[in-house]
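Thank you all for coming.

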Amino acid sequence: ELAHAIARCSCFVVFLSANAVASAHVQNEIHYAEKRGKRILAVHLTPTELPPNLDFKLGRFQAVKRYELAAGAYAEQLR
């Protein structure tokens, strides 16, 4: 079901934290979306160092740093 949702989406939004970055599931979802040419929006919930493989994959996509934004600005960035 998740694979079908990613395949149908126009933009894959991934919420990043230390736990998410450490998750093989999250890394697989990002890889799946990237292989299918999906735009990816990384939302950094906390300051999190990305491992080299994710830094390489996500480096070319837009990112939002939630921890730097007030609620209204965060909502606007997501839109």
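How many helices and strands does the protein have? In this model, which is a predicted one, there are five helices and three strands, and, read from the N terminus, the elements follow one another as α-β-α-α-β-α-β-α. The radius of gyration is 12 Å, close to the 12 Å that the globule rule gives for 79 residues, so the protein is as compact as a globular protein of that length. Taken along the principal axes, the box filled by the C-alpha atoms is roughly 35 × 25 × 25 Å.

Let me turn to the sheet. The three strands form an open sheet in the order S1-S2-S3, with parallel pairing. Strand S1, residues 11–16, and strand S3, residues 63–65, stand at the edges with a single partner strand each, so one side of each is left without a neighbour in the sheet. On average, and ignoring direction, neighbouring strands here are turned by 15° against each other. Between S1 and S2, the latter covering residues 39–44, the parallel pairing extends over six bridges, and Cys-11 stands opposite Arg-39 in S2.

Now to the helices that meet this sheet. Helix H3, residues 24–35, packs on the sheet and touches S1 and S2, its direction making about 155° with that of S1, while helix H5, residues 71–78, lies across S1, S2 and S3 and runs at about 170° to S2.

Finally, some totals: 33% of the 79 residues count as buried, and the protein exposes about 5300 Å², of which carbon and sulfur atoms supply 53%.

Methods: Residues numbered from 1 in each chain as written. Predicted model: local features only at pLDDT ≥ 70, side-chain atom pairs only at ≥ 80, totals over all residues. Heavy atoms only, no water. Pairing = 2+ DSSP bridges. Helix = DSSP H or I, 4+ residues; strand = E, 2+ residues; numbered from the N terminus. Axes fitted to C-alpha atoms, helices over the stretch in contact; angles between N-to-C directions. Contact = heavy atoms within 4.5 Å. Rg over C-alpha atoms; globule rule 2.2 N^0.38 Å. Buried < 20%, exposed > 50% of the residue type's maximum accessible area, 1.4 Å probe, protein only. Areas by Shrake-Rupley, 256 points an atom, 1.4 Å probe, with all protein chains shown as cover.
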